[in-house]
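Subject: Structure for you to look at

Dear colleague,

Here is the structure I promised to pass on, with my notes on it below. Please open it beside this message and follow along.

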Amino acid sequence: MSTLTISLLPSKLNPQKESSLFVYKTTRILSKNSQSLLPVARLFGPSIFEASKLKVLFLGVDEKKHPGKLPRTYTLTHSDITSKLTLAISQTINNSQLQGWYNRLQRDEVVAEWKKVKGKMSLHVHCHISGGHFLLDFVATLRYYIFCKELPVVIKAFVHGDENLLKNYPELQEALVWVYFHSNIPEFNKVDCWGQLKEASSPSSELGKTQMASIATTTTNCNLDLPQPCQQSCTCCFPSMSLISWSSSFCSFTNFTRLMYFTVLVGL
């Protein structure tokens, strides 16, 4: 029996561009009687955070300003060329990290924002599981599994990269982390509570283990409701609107899927 690995992506990539977190390949196992295609994916390698591989960019933010007063977001991408992570900390999502057909094809960046809802701070993390093109749909279960497995590493990167903010405001370590999984497949299109920030960034996160052991679960993992901002103008909620465009389309994925599919086709 022989094994042939065929990449689904062009081999010539610009080493200067940030790519996304997964590498997809199709492994074709050849035998006399049968042939099968197996998807293979990788995210960071081992589930261990390495500070030396994290590059942090501060774009128009101040570590002395509380995120309940000044907008603060995280944009995390990974380079397949250097195996390093790039974390942008800014007032809005750093779209320059997400440009190019390669990123639009892979769609495995992780973005997050701090929100104050009715006086309580929380961190809202967004992951794209499937939708946009058939390749993502084909490996949706695998993508969901890998995101759940690696999210403690991702959140640890947020904590390490923004450590001075957390030193200035240690109470943010108690903030709840809400993770939004965006998918055109109902069982993966959901939001989960990952507990407090200090717990969610732990490599031994019990939630991560629970999620991996129950891939198709459709319920949240804490007995809390997703915080909802006030409907009228107030001072207890900030920012007044989500800084992540994915949020508005979380419950209605169809139009988003069509748009992303068209974008990928144009990019190619």
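Helix H3 (residues 140-161) has a kink of about 50° at Glu150, shortly before the proline Pro152; the bend at a residue is the angle between axes fitted to the seven residues ending there and the seven starting there, and helices (H or I, at least four residues) and strands (E, at least two) are DSSP runs, numbered from the N terminus. This is a predicted model, in which local features need pLDDT of at least 70 and side-chain atom pairs count only at pLDDT 80 or more, while totals for chains, interfaces and linings use all residues. Residues are numbered from 1 along each chain as its sequence is written, and side-chain values use heavy atoms, with hydrogens and water left out.

H3 is mostly covered, as 16 of its 22 residues are buried, where buried means under 20% relative accessible area, exposed over 50%, and partly exposed in between (1.4 Å probe, protein chains only). The largest nonpolar core has 39 residues, and Tyr74, Trp114, Leu123 and Phe158 are among those with the most contacts inside it; such a core is a set of buried Ala, Val, Leu, Ile, Met, Phe, Trp, Tyr and Cys residues joined through side-chain atoms within 4.5 Å. H3 gives the largest share of this core, 11 residues. Leaving aside neighbours within four places in sequence, Phe158 is in contact (heavy atoms within 4.5 Å) with residues including Tyr74, Leu76, Leu123 and Val125.

Cys237 sits in the loop between helix H6 (206-213) and helix H7 (254-267), and it counts as buried because its relative accessibility is 11%. Although Cys237 and Lys116 are 121 residues apart in sequence, their C-alpha atoms are 5.0 Å apart in space. Apart from neighbours within four places in sequence, the contacts of Cys237 are Lys116, Val117, Lys118, Pro229 and Cys230.

Lys118, in the loop between E7 and E8, is exposed, with a relative accessible area of 53%. Lys118 has a positive phi of about 55° although it is not a glycine. In the loop between H6 and H7, where Pro239 lies, a cis peptide bond joins Phe238 and Pro239, with omega about -10°. Both points deserve a look, because most residues other than glycine have a negative phi, and most peptide bonds are trans.

With best wishes
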